Amino acid sequence: MTLTVKDYTGLTPAWCPGCGNFGILGALRRALVEMGLEPHQVLLVSDIGQAGKLPHYAGGNVFNSLHGRAVPPALGAKLANPQLNVIITAGDGGAYGEGANHFIHAARRNHDVTYLVHDNQVYGLTKGQTSPTSEAGFVTKTTPDGAPLPINPLLLALAVGGSFVARGFAGDIEHLTTLIKQGIQHRGFSLIDILQPCVSFNHKNTFAWYRQRVYKLDAAGYNTGDRSRAIAAVQEWGDRIPLGVFFTEQRPTYEDGFAALRAGSLVDQSIEPGRVEKLLSEFM
Amino acid sequence: MTQDINFMVGGEAGQGVQSAGLLLAKAMTRWGYHTFADQDYESRIRGGHNFFRVRASQAHVQAIAEPVNILIAFNKESVDLHRVGVVSGGAIVYDGESIKDVTGAGLVSVPAQKLAEEAGDKLMSNTVLLGAGLGLIGFDLDVLADVLRRFFSGDSGEKNVKAARAGFDHVLKGYPNTYARKLKATNAPQRLVLTGNDAMSLGAIAAGCKFMAAYPMTPTTSIMEYLSAKQKEYGLVVVPAEDEISAINMVVGAAYAGVRAMTATSGGGFCLMVEGLGLAGITETPIVVIEGQRAGPGIGLPTRTEQGDLEFILHAAHGEFPRAVLAPATVEECFWLTVKAFNLADKYQMPVLVITDQHLASSYAAIETLDLSGVTIDRGVLYDGKAQGVYKRHAYTESGISPRAFPGKPGVLVVTDSDEHDEAGHLTEDADTRTKMMQKRMRKLYGARKEIAPPHLYGSKRAENMLIGWGSTYGALKEAADMLRKQGVSVDVLHFSELWPFPAEPAADAMSNAQRTFVVENNATGQLAHLIRRETGRAATASILRYDGRPFTPAGIVRAVEKEGCR
């Protein structure tokens with residue numbers, strides 16, 4: 001049986017017409033099919049909000065989590081069963097505001113999961129408030145005098161040991177598909193920050209605005225193994241905005257560090273209460 | 001007459017109070033005595049004042065008692081603070097070369113530092129004084145030597161034996177009759193000496209817990225440390241998470257994936273976990289949370305005991321969902337109720353909370369060995385792979401329990417959501433589905449209720465007075481009742497170690513004959529008394545409350561209930 005995108009079809013999306021999320025959903029489906037992953041091999045863990053609904057539309061195993069908390073249950077599931085391909089989706093609020101601490105430590109420890117962040121620089125589902133990535137001066141209902149400096153998630157990922165740091169664009173499905181495939185294939189924590197125009201609440205960073213600015217790093221002969229260069233590259237923003245893999249390195253994953261996982265998934269390991277007998281003598 | 005003795009070891013943090021106290025408990029246990037030992041320590045790494053009380057008795061004691069028979073003091077402060085608590089005829093063992101200006105009766109001066117240096121290391125002063133303390137009661141030096149060799153590895157075992165012997169011999173020569181009550185070994189099966197935390201750790205491993213994520217917090221940190229130490233050998237993954245929020249959410253993820261998973265914390269950490277608790281509730285994910293209470297709110301008294309979180313735990317997280325709450329009474333129950341918690345969690349696909357407190361978590365008790373053949377593993381109803389159409393993780397059933405599948409198996413997709421969801425796990429806002437799904441989840445409590453044991457009744461159910469409590473106070477309550485009975489007072493004890501779903505009928509029945517009820521709790525508002533009143537309609541005669549961060553003693557309970565009209 002050949003895998004097709006139909007195998008990754010769930011509920012009908014309830015997103016706004018023209019939403020950047022459609023591009024991300026399309027790219028994810030294509031990536032999973034092109035990699036030959038069966039839906040049961042995939043676990044999609046999501047935050048809430050519009051981005052958080054993606055797993056219900058994509059299929060696969062789904063754990064739709066709390067706001068800001070998509071990362072920890074994904075890490076727990078991966079540690080319990082490392083055979084699962086664990087993909088996390090969250091918006092910029094969940095990933096870089098409410099859940100920033102989890103993001104930092106997941107990157108630092110190098111859990112083998114792929115993190116897709118739908119970065120539209122605004123809170124959509126609560127209808128247009130500032131987010132951690134809103135551009136400085138961006139006027140919203142909660143920042144009538146303009147937003148303060150935004151977080152740079154890619155720079156943060158580099159600072160905390162992210163082993164795969166990339167940026168995609170929801171308006172370039174082909175390129176995003178490639179990035180997602182690379183992210184899933186990467187052994188370790190993969191961050192893909194995805195520029196996702198919000199057609200309802202962000203009238204600055206639109207599809208057209210991005211199309212005039214984005215360019216691809218790999219076309220320019222970029223070396224993804226140079227962290228110092230990556231640190232400079234992720235800070236380019238404005239007239240030109242780079243897309244692609246900024247940095248990648250191979251290092252042991254967090255899962256690699258556990259002897260228990262060398263015997264395979266914890267889920268398949270037996271329970272033997274009698275083995276505790278040996279421990280009792282320590283207490284005599 | 002029953003032999004019963006109370007030791008106290010006091011000193012600064014870093015002087016070896018804890019190890020000397022534990023060795024004392026192990027030695028008396030090896031001599032056939034029942035022992036119970038508690039720790040009183042400050043929130044600091046060095047200095048301050050700590051003490052460790054060891055009670056040894058031929059009777060099955062499960063509480064600390066007053067007064068002290070033998071005080072082993074490592075510094076002047078310990079002598080000054082605790083000599084008032086030493087019984088007439090008791091003894092105070094101390095290093096007279098470093099602690100000056102001590103006068104009075106029962107003084108046993110031992111040149112501990114000098115003798116320790118002669119034995120090979122001045123850090124062994126504590127062992128010298130331990131040997132001296134045990135010398136006073138006529139202890140068997142060979143037994144002590146054996147305990148020391150098991151406790152210290154390699155060379156330091158023999159060195160400590162030498163140090164202990166020096167203290168022992170010094171007392172035999174210099175103070176043969178200072179302490180008149182010599183004790184004798186008693187025949188008993190070999191017992192284990194362990195804390196509530198130790199017992200919970202063993203319970204978790206025996207129950208097949210494969211995953212733990214936690215953030216260190218007194219008083220439950222040693223559970224995380226123990227499981228970390230055993231993770232290679234016992235197929236566990238223990239994650240030191242960045243915070244408690246992450247810890248509980250990791251646990252939920254691991255449990256969703258199909259393993260038994262838990263976390264352990266104290267009240268402050270649990271505050272951060274409550275949203276995750278609700279996540280486990282709505283996604284019907286079985287998790288176990290150990291909450292070792294300490295005095296709050298805020299940072300409170302970080303190293304001290306309290307039972308202030310009962311009502312918080314019963315209601316933690318917004319919205320309504322089924323949960324079970326267990327509160328072990330003893331070190332043995334810490335083991336068995338941890339095992340039970342994993343079974344209840346899996347069977348009813350809900351969070352189960354096991355509450356202890358600093359007192360039970362870090363007190364040592366000698367217990368008969370644990371019979372592991374009594375451990376049963378019930379993973380609950382698992383999906384048999386025969387669904388019509390797609391697998392529905394939250395299928396409506398009569399019991400409310402939907403067969404569980406784990407993600408990763410061909411032909412099955414496991415979908416769940418923290419949003420309200422339909423049977424297939426997809427989010428919905430449909431009013432009818434919401435109603436049905438709430439009813440399905442809450443229905444699980446009918447089954448769970450039947451699994452909750454009735455409260456322990458110590459007595460006849462016909463007494464005029466009843467002492468009521470929960471959790472760690474059981475040993476002190478039973479002994480208080482014994483003391484009252486000796487004075488001719490008619491009294492029973494009713495004690496709850498399984499609190500939710502609340503065993504209302506057996507509780508009301510047990511209380512039906514009591515003319516006066518005294519609810520004894522380590523909190524300021526009488527939380528169990530509220531719960532009993534809410535669930536049974538019965539109001540207590542009086543609440544006996546202690547919220548100074550210290551555990552109840554049997555004599556303290558007797559004094560308090562007599563004041564409230566127990567007669």
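Why is strand 17 of chain B described as largely enclosed by the rest of the structure? Here are some friendly notes on this predicted model.

1. Start with strand 17 of chain B, residues 465–470. Here 6 of the 6 residues are buried, so the strand is largely enclosed by the rest of the structure. A residue is called buried if 20 or more other C-beta atoms lie within 10 Å of its own.

2. Now look at the two faces of that strand. On one side sit Asn465(B), Leu467(B) and Gly469(B), and on the other Met466(B), Ile468(B) and Trp470(B); both faces are covered.

3. Next, find its partners. Strand 17 of chain B runs parallel to strand 18 (residues 491–496) of chain B, and 6 bridges join them. In this pairing, Trp470(B) stands opposite Phe496(B). To get from strand 17 to strand 18, the chain passes through helix 15 (residues 474–486) of chain B, making a right-handed β-α-β crossover.

4. Strand 17 of chain B also pairs with strand 20 (residues 516–521) of chain B, again in parallel, through 4 bridges.

5. Among the buried residues are Leu22(B), Leu23(B) and Leu24(B), along with Lys26(B) and Arg30(B). Just after the helix, look for Gly32(B), which takes a positive phi of about 95°.

Definitions and conventions
Residues numbered from 1 in each chain as written. Chains lettered and ligands numbered in written order. Predicted model: local features only at pLDDT ≥ 70, side-chain atom pairs only at ≥ 80, totals over all residues. Buried ≥ 20, exposed ≤ 12 C-beta atoms within 10 Å, placed from the backbone. Pairing = 2+ DSSP bridges. Right-handed = clockwise from strand over helix to strand, strands pointing away.
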